[in-house]
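Welcome to a short tour. Please open the structure in your viewer and keep the selection tool at hand.

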Amino acid sequence: MAELILYNTLTRSEEPFQPREPGKVAIYACGLTPQAPAHVGHMRGVVVMDIVQRWLEQLGYTVQFVQNFTDIDDKIIRRAQEEHTSTTAVAEKYSRMYIEDAHALGARLPHFVKVTENMDAIIEMVQRLVADGYAYVVDGDVYFEVNKFPEYGKLSGRSVEEMQAGARIDVDERKRNPEDFALWKAAKPGEPAWDSPWGKGRPGWHIECSALSLKYLGAAFDIHAGGMDLIFPHHENEIAQSEAYLHCEQPFARYWLHWGPVRLRQEKMSKSTGLVVPIRELREQYEPAVIRYFLLTVHYRTPLEFSYERLQESQAALERIRTASQRAEAFLREHGNATADAAIAEPYLQQFRAAMNHDFNTAQALAAVFEVVREINTHLNTPELATATAAPARLAGLRNALQWMMETVLGIALQPPAAAQSETLNQLMYCVIAWRQELRSRKLYDLADRIRDDLKAMGIVLEDSPQGTTWRIG
RNA sequence: GGCGCCGUGCCCGAGUGGCUAAGGGAAAGGUCUGCAAAACCUUUAUUCGUGGGUUCGAUUCCCACCGGCGCCUCCA
């Protein structure tokens, strides 16, 4: 349980993971503003966090994972006007879509929390920051004063002076420093608003994540995650306001984990550039498992260039894994499910664990998966190995390893979704294959080939080998 | 302008101060096969953007340059 290494953006180095509390991990990830359909970039975060959870669970931790929905902000207000509906309806609609997309990608869902349902916690936090002198009130707005927090800039590696030197933002005259940011915004006419000590208004963008994570996870929780584009200013501001709130006696979060952007045509996939592949659209063309596989082919911090060629490659690679899995299953169906020989897969499992323990290196872990695939195939088509008495036990051991790596850890099903196999289907195929074998032995190849072609059209692939004929869905 | 990341074979992509530089995709040849498919084997980097430096030794550390990207404004 002690061997997990993870990269901490705060220290810009890899560190052994030590939880706040033995056996438990508390994680917070910044969610999205539900105001448009999610794209592939959003799904990368979803899949990365799912893998993190799964692996921590394999290491024996109990994982608590919280994620927010920014269900009130400028963009939602604008969207509600465009769609002639309420901000609540907009947030509800796109939150549902996002959850449905995440679910389709095989992600277990975090505990979702909403801004509008936690106004008390947010207001309480702002109040204390004002009372403690970290924040000031101007005309119903509340700003955090960055100069009151000496460590401002420690996450993103910049100093306030540098920022001021390179500043190219319009300075709001009411702010004491250009870098001061809004904790609370006074309501404009017609906008949704909440009562507060400073009048009607709504929270600034950054405060919600601080208030919600501290409310649900407590101070010094284990992992705070998000996309790299959130490092500055969002996470920098979160640290400032949270640690100020905690009187700098405790850190806000212990480890900061950031995943890389998904790019399209060499540019970050983002709503603002219009370079976006909505996950809905992609799901019509590719099985979610293929999309998930694609997202796992590079280390999570590396920028990932989106392309249909890459997706196609992922599909081919996944098919190779699934074919081996199904061949092993077919062999075991025929030879009886022996007690698995666990030792045979151990070297590959070690390789796999080492990769996952090294900052969730799924790209490297996949290499171990393919080692198992090769081992399975070699056993199956080397006559001496396939007929050995130990063969069923070995194949069972390899099959179990493959299942654990792919399904339990990486969350990718070895059976394509269409292959809801039933015992009836197994028996039917057994019959069909026997009949076709009869035709082949009488050299009625045209009929045998016709059966194969017809089945192919139905999505069932027959493969002949000296050991007999196997079938698989694919 | 400031902060930071990256540049590995045909493509994608791991990785390490010295051991054959993973794995996948693609292509070619071979084996097997009635054919097909699948699979297995072999081949595609004496080399890791370029030039210096440190070192007994660097793709891996340092510096410069070239090229690409992210952030500095909302952004996963």
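**Stop 1: the domains**

Before you start, keep in mind that this is a predicted model. Colour chain A by its assigned domains: domain 1 covers 5-304, domain 2 covers 320-416 and domain 3 covers 418-474. Now turn the view until you can see domain 1 and domain 3 together. Their C-alpha centres lie 53 Å apart.

**Stop 2: around the RNA**

Select RNA strand B and show the protein residues near it.

- Thr302 has a polar side-chain atom 3.4 Å from a phosphate oxygen of RNA strand B.
- Arg440 has a side-chain N or O atom 3.1 Å from a base oxygen of RNA strand B.
- Glu463 has a polar side-chain atom 3.1 Å from a sugar or linking oxygen of RNA strand B.

**Stop 3: the interior**

Hide the RNA for a moment and look inside the protein. In soluble globular proteins, nonpolar side chains tend to be buried together. Here the largest nonpolar core has 88 residues, and Leu56, Phe306 and Phe352 touch the most other members. Next, select helix H1 (residues 40-58), which gives the most to this core, with 10 residues. Which domains does the core draw on? At least three of its residues come from each of domain 1 (5-304) and domain 2 (320-416).

Centre the view on Phe352. Leaving out residues up to four places away in sequence, Phe352 touches Trp55, Ala365, Ala368, Val369, Trp404, Met405, Val409 and Leu410. Apart from this core lies another one, of 45 residues, and you can find it by selecting some of its members, including Ile77, Ile123, Val126 and Phe144.

**Stop 4: a serine in a helix**

Go to Ser213, placed in helix H6 (residues 207-217). Is Ser213 buried or exposed? It is buried, because its relative accessible area is 0%, and under 20% counts as buried. Show its surroundings: beyond neighbours within four places in sequence, Ser213 is in contact with Tyr28, Gly218, Phe221 and Phe252.

**Stop 5: backbone details**

Most residues other than glycine have a negative phi, and most peptide bonds are trans.

Start at the bond between Phe232 and Pro233, a cis peptide bond with omega of about 5°. Pro233 is found in helix H7 (residues 231-245).

Move on to Cys248, in the loop between H7 and strand S11 (253-259). Cys248 is not a glycine, yet its phi is positive, at about 55°. Its relative accessibility is 43%, so Cys248 counts as partly exposed.

Finish at Arg12, in the loop between strand S1 (5-8) and strand S2 (13-16). Arg12 also has a positive phi in a residue other than glycine, near 50°. With 47% relative accessibility, Arg12 counts as partly exposed.

Key
Residues numbered from 1 in each chain as written. Chains lettered and ligands numbered in written order. Predicted model: local features only at pLDDT ≥ 70, side-chain atom pairs only at ≥ 80, totals over all residues. Heavy atoms only, no water. Domains from an automatic or database assignment. Helix = DSSP H or I, 4+ residues; strand = E, 2+ residues; numbered from the N terminus. Buried < 20%, exposed > 50% of the residue type's maximum accessible area, 1.4 Å probe, protein only. Contact = heavy atoms within 4.5 Å. Polar contact = N/O pair within 3.5 Å; in protein donor to acceptor, adjacent residues only side chain to side chain. Core = buried A, V, L, I, M, F, W, Y, C linked by side-chain atoms within 4.5 Å.
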